[in-house]
Amino acid sequence: MVKIAPSLLAADSAYLGKTISDLELAGADFIHFDVMDGHFVPNLTFGPKILKELKKYTSLPFDVHLMVTNPDECISWYAESGADLITFHLEATESPIQTIQLIRNYKLKVGVTLRPSSDIKQIIPLINDVDLILVMGVQPGFGGQKFYPDTLERIKLTKDIIANRNVLLEVDGGINFQNASLCVNAGADILVAGTAVFQNGMLSENIATLKGIHL
Ligand code: DX5
Ligand code: ZN
């Protein structure tokens with residue numbers, strides 16, 4: 001069954017501790033932190049102190065998506081603040097192998113991702129060095145955007161590149177009740193969702209629907 005990683009970007013920032021406890025009770029599998037530096041994307045979000053203080057509210061793994069121009073510099077901050085998986089953008093590093101090694105040094109899971117406009121084939125040389133590929137369904141930077149129609153093609157192409165390797169495929173951005181199963185059929189193992197999880201406050205029902213569970 002597909003796993004769900006709610007994006008806290010869509011949560012009420014005034015109640016993050018209670019929210020992540022509620023998400024665990026509601027059937028979430030990861031907590032997705034969209035870390036933005038105001039340079040790589042025109043938005044600014046979670047610093048490492050927030051993750052450190054939120055760690056005690058859940059046993060779920062922290063899935064950290066770095067949308068920053070200096071991932072090599074940020075890795076230790078998040079690795080030492082509770083990250084379990086760190087995903088970085090290939091557009092933001094001169095040496096992906098070096099960035100991967102920096103994450104490996106902390107014994108964390110490693111993911112790579114690209115903007116929708118970047119050629120997904122750039123992951124091919126790295127496919128044996130990572131644990132996860134994150135396919136973006138929207139331009140990084142904000143929640144609540146529309147799912148790019150060509151995302152399903154990019155998921156299928158990514159799945160072909162992964163082949164039978166033990167590499168997870170996560171899809172992030174614009175996920176909703178209509179496209180979730182399409183993403184799964186195309187090869188997604190994990191869906192990141194913000195808007196769809198938090199809409200009308202029905203966390204359990206929304207997560208179940210995204211998982212294809214009919215209550
Ligand atoms: C965008 C983030 C996504 C986004 C998902 O830069 O990477 O995680 O917050 O939010 P929704 O599900 O609302 O598109
Ligand atoms: Zn994200």
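Predicted model: local features only at pLDDT ≥ 70, side-chain atom pairs only at ≥ 80, totals over all residues.
Local features require pLDDT of at least 70, side-chain atom pairs count only at pLDDT 80 or more, and totals for chains, interfaces and linings use all residues. Residues are numbered from 1 along each chain as its sequence is written, and side-chain values use heavy atoms, with hydrogens and water left out.

Around ligand 1 there are 20 residues, each with a heavy atom within 4 Å of the ligand. Asp34, Gly141, Asp172, Gly194 and Thr195 come nearest. Polar contacts (pairs of N or O atoms within 3.5 Å) include one between a side-chain atom of Asp34 and an oxygen atom of ligand 1, at 2.8 Å. Polar backbone atoms of Gly141 and of Gly194 each lie 2.7 Å from an oxygen atom of the ligand. Taken alone, ligand 1 exposes 380 Å² (Shrake-Rupley method, 1.4 Å probe), and the protein buries 99% of that area.

Strands (DSSP runs of E, at least two residues) that give two or more residues to the shell are β2 (31-36), β3 (62-67) and β8 (190-193). The largest share, three residues, comes from β2. By class, the shell holds eight nonpolar, ten polar and two charged residues, with Gly counted as polar.

The whole structure has two aromatic pairs, defined by ring centres within 6.5 Å. The centres of Phe33 and Phe46 are 5.6 Å apart and their planes lie at 85°, so this pair is edge-to-face (planes over 60 degrees apart). Phe33 belongs to strand β2, while Phe46, 13 residues apart from it, lies in the loop between β2 and α2 (48-54).

Notes
Chains lettered and ligands numbered in written order. Polar contact = N/O pair within 3.5 Å; in protein donor to acceptor, adjacent residues only side chain to side chain. Helix = DSSP H or I, 4+ residues; strand = E, 2+ residues; numbered from the N terminus. Phe/Tyr/Trp six-rings, centres within 6.5 Å; stacked < 30°, edge-to-face > 60°.
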